[in-house]
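Please keep the structure open beside them and find each element as it is named.

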Amino acid sequence: MSENLMSFEDAMAAFDPAMGLEVHVELNTVSKMFCGCPTEFGAEPNTQTCPVCLGLPGAMPVVNRVAVESAIRIGLALNCEIAAWCRFARKNYFYPDMPKNFQTSQYDEPIAFEGWTDVTIETPDGAEVVRVDIERAHMEEDTGKSLHVGGATGRIHGADHSLVDYNRAGIPLIEIVTKPIMGAREKAPQVAKAYVAQLRDVLRGLGVSDVRMEQGSLRCDVNLSLSPAGAGTLGTRTETKNVNSLRSVERAALYEISRQAAILDGGGSILQETRHWHEDTGVTTSGREKSDAEDYRYFPEPDLVPVAPEREWVERLRSELPEPPRDRQARLQQEWGFSDLDMRDTVGAGALGLVEETIAAGCPPQAARKWWLSELARRANETGLDLTDLPVTPADVARIQALLDEGRINDKLARQVFDGVLAGEGSPDEVVAARGLEVVSDDGALSAAVDEAIAANPDVAEKIREGKTAASGALIGAVMKQMRGQADAGRVRELILEKLA
Amino acid sequence: MSERDERGATERDGLTRRTAAQLADALASGETTSVALTQAYLERIAAVDGPVHAFLHVDAEGALAQAAASDRRRAADGPASALDGVPIAVKDVLATRGLPTTCGSRILEGWVPPYDATVVDRLRAGGLPILGKTNMDEFAMGSSTEHSAYGPTHNPWDLDRIPGGSGGGSAAAVAAFEAPLALGTDTGGSIRQPGAMTGTVGVKPTYGGVSRYGLVALANSLDQVGPVTRTVLDAALLHELVGGHDPRDSTSIDQPMPDVVAAARQGATGDLRGVRVGVISELTGEGYQSGVQSRFDEGVKLLVDAGAEVVEVSCPSFVHALAAYYLILPAEASSNLAKFDAMRYGLRVVPDVAEGAAPPSAEDVMRATRDKGFGDEVKRRIILGTYALSSGYYDAYYGQAQKVRTLISRDFEVAFEHADVLVSPTAPTTAFALGEKLDDPVAMYLNDLATIPANLAGIPGISVPSGLAEEDGLPCGFQVLAPAAADDRVYRVGAALERLLIRQWGGALLDRVPSLDGAHA
Amino acid sequence: MPEISREEVAHLADLARIDLSDAELDHLAPQLAVILDSIASISQAASDDVPPTSHPMPMTNVFREDVARPGLTAEEALSGAPEVDQQRFSVPRILGDLCARETGEERASDRATDPSL
């Protein structure tokens, strides 16, 4: 399916975009929102259910205290008001992956509302801060997962039947909704991406979610409309669902701007509909038309009593909030002496916390950054793990750097120490000892190895004697090879030059 | 049948006519065993349930196994509860692990829950053998038990009449001596109104007093589980066993229960001096059958004789109670019943499609299943509830109904400033004929006029048999209401009235229920 | 008080996913009209200053601790299912689009990596 698109520049000349972002966050609670079922990702199908989350007749929900606490903390971190009294509500609609055919959610009484967060975007004129207003954050529950079987494409269309797994049903979700973001103009797609990235950092800082977009624990819908440039009105919007990476948030917004601009420019009108983002092809396609007749028949959930967070509780949670990510980054950048680029790379790699802990364990800042962003990032990439999931701790990294600084290992040996630690062979010191990786700088052992190398390479030795000291590299290589890399290269060179002087 | 067997059968018959408290004593003294008792009830069920049809499912094997376990426990460690070994029947709206639970609906035919309702858990822990599951209006929607998908229950007093509803099965089982005790549920009178129509005792506890976990919800903000028995003391014993806080029900009251058993025993002394009784003027007089009204008036007089002070109270907002109820209930029910969609359990109806057409979608199957699986009354109420919650009508209907709830609670608050308990007839009429009101929903709904306000306000109520109406010889009920969490008061006043009436009658009312032996459907 | 039309009943039945036949509609629509008429007075019953009651008992903040407990086994969970396949509830094909849902669908990429299919 190909649509007419207008170039982004032309679209921006003619139209103003208005954008709303809805983000669903899966909390990382131990148990579900309304029952004690575990929430582990990737369990065997239908092994994490009970009468409550399976919606069996007669079962009743009970609210998870930590989920409420997380919702409040998220609200506070986004500068929201916290409701003094609010209720859960039933959102009634039929869908096979929703066991009760209503979602227990919140309607006109969200637990958090009226907040904001400042995001930074890069512009040709330097960094620019944009305030994004938050309309609300409310508590709800996730649905099950459907697999669509049969049919040519494997997609929902043309499938013969579907297979439903309810392990995910009932996992706590917080839905965070922005107010319309107006006036961002050509920066709108960038703002969208920066907002979601910032939200991810805030949530990670709070420790309330795994925030892994690829696993669906952070999901973004992009609502977008265009109005004639300068008109100050709101156009008909589309709702692009399941935008599952930061890059896609920006791309989906760009795409919808170009698509809608082409339609409006051609005299057409925008259909109010949901659209689906295709990560692979980078386009959105039409979904369901959102008719005004859609009627969720919300009403207060009678099986749950109202939530009325005591003010002392809210204030305690407020006082325990971590430093906001932007403040923290600015502070750390200054403490560490990182350039803007260093800092951006560190944050972008999701390594800020790891680098911070490594430095706290005694490692020089640049060395900490280097290990995590090069050596360890490469290994994480190879194994498909997140940096945080590598079986190496910041303390290990700091210790390996210390061994280097003490001259007990060299760079090459350090990589072998990482091999050992990552393979589960123990601490850096244990790996050094077990693998015998310490650098040899003892003259006795080195001298013998150098003599052997000179004897084995008389031509090279002759060149050095003739003053071509650059040839010493070949002898050093031979010594290193003989000593399996564990020789102190500097001392070897000195010995060679002494012996062949 | 040999002479010896016949004598054995007669003895067992004698057992079935005793109250649960008497049976508990007989078990404690070693006069009988739980197995003998359970066997006697199973035989009674086999003999009379054909024409009565109180049960949808009888679990003879399970009940006898539980009875045997009870006897062993009693011998080894002593009884697990005051009612250990006394069998019970359970309304089919309560989830029972391993036992079919249909809610009287085709859509749940054959469903066997993988879990127990909390009250069922407590019955099992207390050692009460579960005889089976009792008939009810489909999803408890009805006042006659005629809306059961599995056929109506017949009133043991007159098999051509309804036993009340929705819990007609539990009430009829107790009235016909098929069970000494039963559990019912009361959303707008489904325990109390059948109690009135069958001459049994029924209690709707304070909302939150008994766990609803495992009760297949009709209207969550109105439903309560409660006892259906032959005496007030039996009701108190059962209430005490199943009641109390349950962490699995968020609306469960986390406070100690009032001592209902002590209150029932206190009431049985027949002394009500110092008790202020309020007669609700809106729930008497016009619209009440003359015999029902006469029995009620006599009951009030007996309370006065027992020393109670009687005052008249007015609850003007009750005029809107029925309307509020018939909006709140369908609204909540329409949402509750959405889960019956043929995907995870229960009936699945796959509609026919033309040859070569695409197979039916999940939507098609849902629609066809819900059309075939739900009866007329359920469909009426689902549509009514869907309407009441629709965005255009919410404020005019559901929103207003919730405000009326507030007004009704305020009426009660004011009334309870003047009286410790409030009284009224339980139902405006005696049992009507099967089929009489089946096609007139509004007339059917009017039957719940006197019982509904207690559900809207969440307060406790009891129905005690008040005698037979002279015009038709059928039982009438006397309702006692008390403030929330003061369930003990309804037991005290109910037990006093029961005692005074039995003295007047010279025996229990149920002694006069026709023998069903040899009756045929 | 608005009257309820046959079309409106059909629309409500559609929202409630009940496939009413024409005969049922003919039967139900007038009954619903009578019921609605009998409760029409409610719209005048309470003034604006009366607060609504959604819960009969004035309780708040009933929470459970965040502790995982064993629930049902897969066999128990699936025990009532009309059809089971690959330890999942097998349901007829689901109409509507992938993006009709906020959260529910598994992406095609998930499916491609599921060796069991």
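1. Two residues are said to be in contact here if their C-beta atoms, placed from the backbone, lie within 7 Å. By that rule, in what is a predicted model, 57 residues of chain A are in contact with 44 residues of chain C. The most is given by β9(A), which supplies five residues. Sorted by class, the side of chain A that touches chain C holds 25 nonpolar, 18 polar and 14 charged residues.

2. Strands of a sheet pair through backbone hydrogen bonds, and they do so either parallel or antiparallel. The parallel case is found where β2(A) is joined by two bridges to strand β1 (residues 63-64) of chain C, with A:Val63 standing opposite C:Phe63 in β1(C).

3. The antiparallel case is found in an open sheet of four strands, whose order is β8(A)-β9(A)-β3(C)-β2(C). Why is one side of β8 of chain A and of β2 (84-85) of chain C left without a neighbour in the sheet? These two strands stand at the edges and have a single partner strand each, so one side of each has no neighbour there. Where the two chains meet in this sheet, β9(A) and strand β3 (residues 88-92) of chain C pair in the antiparallel sense over four bridges, and A:Leu163 is placed opposite C:Ser90 in β3(C).

4. Within chain A, it is worth looking at how two helices pack. The axes of α2(A) and helix α5 (residues 311-319) of chain A come within 10 Å and cross at roughly 60°, and that angle makes α2(A) oblique to α5(A). The crossing in which α2(A) passes α5(A) is right-handed. From α2(A) the contact draws on A:Glu69, A:Ile72, A:Arg73 and A:Leu76, while α5(A) contributes A:Val314, A:Leu317 and A:Arg318. By class, this contact of α2(A) with α5(A) has four nonpolar and three charged residues, and no polar ones.

5. Chain C also meets chain B, in a contact that takes 45 residues from chain C and 58 residues from chain B. On the chain C side, the elements that give two or more residues are α1 (6-15), α2 (22-38) and β3 of chain C. Which element gives the most to this side? That element is α2(C), with six residues. The side of chain C that touches chain B divides into 31 nonpolar, nine polar and five charged residues.

6. Chain B has an open sheet of 11 strands with mixed pairing, in the order β1-β3-β2-β4-β6-β5-β10-β11-β9-β7-β8. The edge strands, each of which pairs on one side only, are β1 (55-58) and β8 (309-313) of chain B. Neighbouring strands of this sheet are turned against each other by 25° on average, when direction is ignored. Strand β7 (residues 276-280) of chain B pairs with β8(B) in the parallel sense over five bridges, and B:Arg276 stands opposite B:Glu309 in β8(B). Helix α6 (residues 168-175) of chain B packs on the sheet, where the strands it touches include β1, β2 (88-91) and β3 (130-134) of chain B, and its direction makes about 155° with that of β4(B).

7. The peptide bond from B:Gly165 to B:Ser166 is cis, with omega near 5°, and B:Ser166 lies in the loop between β3 and α6 of chain B. In chain A, phi of A:Arg185 is near 50°, a positive value in a residue other than glycine; A:Arg185 belongs to the loop between β10 (172-178) and α3 (188-206) of chain A.

8. Finally, some care is needed over confidence. The predictor gives the complex an ipTM of 0.95 and a pTM of 0.87. Chain C averages a pLDDT of 81, and 79% of the residues score at least 70. Among the elements of chain C, β1(C) has the highest mean pLDDT (98) and helix α4 (residues 108-112) the lowest (30). Over residues 97-117 of chain C, pLDDT stays under 50, although the model has 43 contacts beyond four places in sequence for them.

Conventions. Residues numbered from 1 in each chain as written. Chains lettered and ligands numbered in written order. Predicted model: local features only at pLDDT ≥ 70, side-chain atom pairs only at ≥ 80, totals over all residues. Nonpolar A, V, L, I, M, F, W, Y, C, P; charged D, E, K, R; others polar. Pairing = 2+ DSSP bridges. Axes fitted to C-alpha atoms, helices over the stretch in contact; angles between N-to-C directions. Parallel < 35°, antiparallel > 145°, perpendicular 65-115°, else oblique. Left-handed = near helix turned anticlockwise from the far one by under 90°. pLDDT = per-residue confidence, 0-100.
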